[in-house]
Amino acid sequence: MPEARPDDGPGSLPPEHRAVLRRWAEDGGPLATRASVVLLAADGLRDAEISRRLGVSRQTVGSWRQRWTSAGIDGLEHRPRTGRPATVDEAEVVTRTLLAPGGSGASRAVARELGLSHATVAGIRRRWRLTPDEAPAPSVPTRPPLPGADVWVMGLYVDPLRAVLLAGTRQGPAPSAAAGTVIGTDVLAGLDRALEAALTAAPARVTDSGTSARGLADYLAVAGRSHPDLGLHAITLWDATGSTTDATGATGTSGQPAASDGPVTRHHIPARSTWRTFLRAMIALDSTSHPESSRRVYLDLAAELERYATARADSPCTAVRWLRENVAGHLGADRSADSPAQSQSWSGVNQIDLGSFNECVVIETVRLSGTITRGEIAHRTGLTQQSVSRIARSLLDRGILIEDAQRRATSGKPRTPVRLCGTAAHALGIHIDPEVLTAVVIDLDGAIVCTRTRPVTADIDPAEFVERVAALGRETLAEARGAVREEGFLGIGVAVPGPVDIASGTVLGPPLMSAWGDLPLLYLLKDHFPCPVLMEKDSTAAAAGERWIGRDRRARDFAYLYLGTGVGTGLYLNGDIYRGISANAGEFGQLCAIALGRVDKDGRPEMMPECNPPVSVPGLAVRGGMRPVPTASGSTAAYLAVGEAAAAGDPAAAAAVREVAQAVGRGALGLVDLLDIDLIVLGGPFFTEDVADFYLDEIARTVNEFPTARRLRRVEVEPSVLSAEAAAVGAASTIFHATFAPRLRGREGRARHLPAD
């Protein structure tokens, strides 16, 4: 029966409701006022008159009338307690706190969102130690609590009978600051869907408790061997057998959680959390505490759950056994503050503090011009003379600009031009290649102060590899110490082969470097150097260096074709380096394969050998009749030998280089048509003087004869202004680019280079 509304008049109350309301009014107590409000309103009285008769506020009258209108008798009988649920899920509060957008995770904001009291949310945050004044790091109140100041999500085991979350902890100081949110609610929602699909599929995979226990024990044993430097903890999310299993396969009752004697301890989720929300909270805690725990890590977990869900019931996939690989800070030696790695490094970035966008505009204008007067700066930027004079004076005082010899003017006093002071700032660039590590220190003009190289092999242990990179960086800085002022050292740029996960600083699957896959290199290097450290794809770094050192010659859009162990592309578009949504823009090989129609039977673009010059060129030359060089096929030495032969006129060598250049040219044609650019720059370690003309001629012919809009533009193909250490110099230049380039970021993340007066 539809509820009556008091505004409908005296006769609108059904007799049974009127009888209940009159009884409440006569009995007194907390319901009397509520019933009287509705009865008087049904008799046609206004709120002001009801308030006067009953001696209550008009707000009270309006509130109970609204409750009657919306919920009827039940709305009057139960006092509304907005946001006061009967039970509180602590893990949900923690997740909302950690992942609140824009830093809105304060207790009051979360309380309003979840309908809880501020005191309840604040208490949960104190229990998890999520407030700055409580503890240096969060604490996870499992039963028993997890030890250690650092907590990672290391793995997940799911079979038809149980689900166990594997956490890793490390004793010692906690991270100095949160890394910031690197995982969003979209990833969590995807994980929820994948987990639901896996749980739906699990019952079809028949197993018994003994098999399940052995499977978990095997999984934990592998985890212990894979991560010997971390304390590992198996947290039971749910268990249909009513028991828990430790790393040795021993069982205990779920009501008596206790640590096992083996390498993996066992725990239960907090009493006031569900297993689903606890899993979400642990992922949120991990991703906001550790930069290496990025979206990629949990997208991998979702993919593993989906594989389990879609596998056939009779397949060998009887359980989800996801296990993470490396985490930052758990490779290599001690990183204490007084270690040699720290004491031999510099940290002077705060010495050059650019206070405004306009300062960057002035620096960029001076950099592009070389030498320029203050009046010319004002004319080119649109800034007023007064603004330019003030900014120039500040930059001169800080040593970023210096004055040149005065110019005689046709009228008025002589003008004094300014230019960048090359020695005002320096940066270290490190290029990681499968065969050699290269480190350079450059100044603000791009001049190389010193350079060092060190051979490396692809099968080196990751911990030793990181130590070698750090040692090379320290040696190069030590050599440059006499020429570099500590207060002018801005930081370190690292160039690596793609693909990379910039958000987590991880090298994913570099070519010919399989042993270093999923290595959180950036954050391991940050443990060695207290200064800013940036990581870029090698081709993107080369484009940044080309832009910085090329000055006015590279002041427009261009694509940088980087000939290394593979061919990559660095893009400079709309006044800034273009990285793409995942910072992996410029993967060039598939573009070439599509342009040449080289796809497999499933339609997947092939991995073209032509896009790996040191491998393809020697092989093509030998097949064309050239006598094999006395080095292993595909090595750098073999490529250089073929290049020398091609330059000397060997027809087989020249044909091999030209064939590779043609394939690269077809890919470059796709870039030109797609981006509508008129400049392509060639560089990289395998763009040598011997083969340069072959590449320049062939690519220039292709990108000018075949594009759709060839009548409207002439595409220039030029050699890079960078040296053979293009990627290392470019890596160092990324520090200058990040410090000095004028950029205003809109909501879409596009760079706008506009002066503001």
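Author: With accessibility: buried means under 20% relative accessible area, exposed means over 50%, and partly exposed is what lies in between, with a 1.4 Å probe and protein chains only. The model is predicted, so local features need pLDDT of at least 70 and side-chain atom pairs count only at pLDDT 80 or more, while totals for chains, interfaces and linings use all residues. Residues are numbered from 1 along each chain as its sequence is written, and side-chain values use heavy atoms, without hydrogens and water.

Reader: What makes E606 and R598 a salt bridge?

Author: The term requires a side-chain nitrogen of Lys or Arg within 4 Å of a carboxyl oxygen of Asp or Glu. The closest N and O atoms of E606 and R598 are 3.6 Å apart, so the pair meets the criterion. The structure holds 33 salt bridges.

Reader: How do you know that E403 and R374 form a salt bridge?

Author: Their closest N and O atoms are 2.8 Å apart, so the distance is within the limit. This pair links distant parts of the chain, since E403 is in strand β8 (residues 401-403) and R374 in helix α14 (residues 374-381), 29 residues apart. Helices here are DSSP runs of H or I with at least four residues and strands are runs of E with at least two, numbered from the N terminus. E403 is partly exposed at 45%, whereas R374 is buried at 18%.

Reader: Which labels do D676 and R713 get, and why?

Author: D676 has 55% relative accessibility and so counts as exposed. R713 has 15% and so counts as buried. The two form a salt bridge, with the closest N and O atoms 2.3 Å apart. D676 is in the loop between α22 (651-675) and β20 (679-683), and R713 in the loop between α23 (692-705) and β21 (716-719), 37 residues apart. Elsewhere, R452, R454, E475 and E479 are linked in a network of salt bridges.

Reader: What makes β6 and β7 edge strands?

Author: They belong to an open sheet of 5 strands with mixed pairing, in the order β6-β3-β2-β1-β7. Each of β6 (264-268) and β7 (320-323) pairs on one side only. Strand β3 (residues 231-239) pairs with β6 in the parallel sense over 5 bridges; there, A234 has R266 as its partner.

Reader: How many aromatic pairs are there in the whole structure?

Author: The search finds 7. Rings of Phe, Tyr and Trp (its six-membered ring) pair if their centres lie within 6.5 Å; planes under 30 degrees apart count as stacked, over 60 as edge-to-face and the rest as tilted. The ring centres of Y298 and W322 are 6.4 Å apart and the planes are at 45°, so this pair is tilted. Y298 is in helix α11 (residues 295-310) and W322 in strand β7, so the pair ties together parts 24 residues apart in sequence. Y298 is buried at 0%, and W322 is buried at 8%.

Reader: Why does the pair of F558 and Y572 get its label?

Author: The centres are 5.6 Å apart and the planes are at 10°, so the pair is stacked. F558 lies in strand β17 (residues 558-564) and Y572 in strand β18 (residues 566-573), 14 residues apart in sequence. F558 is buried at 0%, as is Y572 at 2%.

Conventions
Two strands pair if DSSP finds at least two bridges between them.
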